[in-house]
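Hi everyone, thanks for making time today.

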Amino acid sequence: MSVLLELNVGDIVIDLHTELAPNTCLNFLKLCKTKYYNFSPIFNIQKHFSFQTGDPLGPFSPESDGGSSIWGVLEGPSKRLFPSEFNPKLKHTMRGTVSMATAPLKTGGDEDERVSGSQFIITLGDNLDYLDGKSSIFGQVVEGFDTLEKINDAFCDETGRPLKDIRLRHTIVLDDPFDDPSGLVEPPESPAPTKAQLATVRISDDEILEEEVGSEEAEKRRREREARAQALTLEMVGDLPFADVKPPENVLFVCKLNPVTQDEDLELIFSRFGKILSCEVIRDRRTGDSLQYAFIEFENQKDCEQAYFKMQGVLIDDHRIHVDFSQSVSKLSDVWRSDTNAKRQQVANSRGFGGSSRLAQRQQYRDVDRTREDGKYGMVFDEKEVHGRGDRSRHHSRRSRTRSPYRHHRGGHDQDRRPRVNDDRRRDRDSERRDRSRDQERDRERDREREREWDRARKRDRDRDRDRGYGSHRRR
């Protein structure tokens with residue numbers, strides 16, 4: 001049972017203690033599902049202690065009511081608060097502990113009951129036993145500790161409010177075991193910030209605190225951000241060895257070639273500037289026709305620069321060519337892929353693990369004798385031995401040739417007095433090993449599916465943000 005909180009400074013993933021604090025978890029999950037927390041500010045940061053959020057407007061807004069539970073949202077202000085849950089098994093011992101903020105409810109008794117609404121706290125330090133009994137724990141941060149560091153290092157005023165807004169952009173429920181309360185309707189898309197929320201913006205998260213830049217500079221920065229994002233995407237899918245890869249400085253790109261120009265012709269013309277390592281005219285894979293551009297790789301960078309300055313606009317085979325430095329990194333990627341595949345093959349051949357041949361995987365099977373004709377793998381234990389009920393006459397005849405001190409003759413038959421291996425216990429161990437391997441593979445597949453779901457959810461919500469113009473608001 002997990003929830004992804006997407007903030008303007010990073011993402012946080014929270015695992016919930018649904019069995020130890022069921023009502024609190026249900027309230028938090030349903031508020032996230034209805035997008036109640038969208039655009040909520042982080043309004044109180046205490047360094048190395050905790051930060052607090054969950055009020056859609058924040059306490060600095062005159063219209064704020066402090067937040068409401070899911071029952072107050074659905075049924076009215078009378079159900080705005082609900083009794084807090086305190087489980088003795090849950091303590092504020094680890095950084096990233098998530099708990100509901102509570103307040104005493106004046107009942108007139110010796111000990112006031114504590115209630116909660118929508119505001120919650122995430123700790124920024126360890127062993128904060130001061131909060132035990134004051135905040136009701138219901139979850140733990142499992143991913144996004146770098147985001148917690150950014151929040152902890154934020155510049156704040158004397159009240160703990162960040163000078164530059166830190167807000168919850170989106171909440172994504174990854175797993176919800178509870179049924180929806182009556183009347184709950186999940187919005188089809190993320191709602192836009194209200195006027196009251198926009199009025200609380202102090203300094204928008206994307207506002208540049210430096211001098212204003214012109215339109216050309218802004219466009220340049222936008223293109224740089226887009227290029228970095230595309231490079232990271234190509235790195236993730238394996239088309240680039242790493243995002244910051246740069247094209248080689250000794251390769252020229254030549255285009256506008258005559259279709260009849262051959263590799264040898266270009267190499268002969270460009271070789272007067274220095275030694276050429278490769279010269280290739282790119283051709284159509286199916287037809288073999290020239291695509292009228294080529295790549296020329298020089299051994300020396302200075303030779304490449306000289307050819308760039310001298311050969312621009314030169315007439316070759318009645319076509320005036322265009323020469324530029326290559327921006328392609330395909331050859332580098334090919335080398336990287338070849339090296340990676342070679343390492344993987346080497347690991348596979350040496351039965352290594354984790355990219356090292358010195359770390360051998362634990363094998364459940366052994367190689368059969370290479371003199372066998374079938375060349376198959378055999379079980380570690382003999383099939384008849386595993387089943388325990390096979391024909392033992394062959395084994396008796398083999399043992400009869402060598403007398404053992406453990407045997408004695410009784411009634412004309414050799415009897416083996418050695419204790420037999422417990423076949424049932426061995427079969428149980430094999431079954432447990434197979435079950436453990438199957439469970440591990442199922443866990444890995446679930447983690448991969450969760451990551452894919454996060455990526456899809458982030459992309460969908462960011463597209464909505466872009467369409468609605470989130471993050472572009474300024475103080476009015």
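Let's begin at the start of helix H7, where a side-chain oxygen of Asn-300 comes to within 2.9 Å of the backbone nitrogen of Lys-302. Please keep in mind that this is a predicted model.

Now, along the helix itself. H7 covers residues 301-311, and its buried residues include Asp-303, Cys-304, Ala-307 and Met-311. Where do they sit around the axis? They span an arc of only 100°, so they lie on the same side of H7.

What do the buried residues of H7 pack against? Their partners are S11, helix H6 (263-270), and strands S13 (290-298), S14 (315-316) and S16 (322-325).

If you follow the chain just past H7, you come to Gly-313, which has a positive phi of about 80°.

One more residue to look at, please: Asn-250. You'll find Asn-250 in the loop that links helix H5 (215-237) to strand S11 (251-255). Is Asn-250 buried or exposed? Its relative accessible area is 17%, under the 20% cut-off, so Asn-250 counts as buried.

Leaving aside residues up to four places away in sequence, Asn-250 touches Ile-296, Glu-297, Phe-298, Gln-301 and Cys-304. With Phe-298 there is also a polar pair: a polar atom of the Asn-250 side chain lies 2.7 Å from the backbone oxygen of Phe-298. And Cys-304 takes us back to H7, where Cys-304 is one of the buried residues.

Conventions:
Residues numbered from 1 in each chain as written. Predicted model: local features only at pLDDT ≥ 70, side-chain atom pairs only at ≥ 80, totals over all residues. Heavy atoms only, no water. Helix = DSSP H or I, 4+ residues; strand = E, 2+ residues; numbered from the N terminus. Buried < 20%, exposed > 50% of the residue type's maximum accessible area, 1.4 Å probe, protein only. Polar contact = N/O pair within 3.5 Å; in protein donor to acceptor, adjacent residues only side chain to side chain. Contact = heavy atoms within 4.5 Å. Arc of directions from axis to C-beta.
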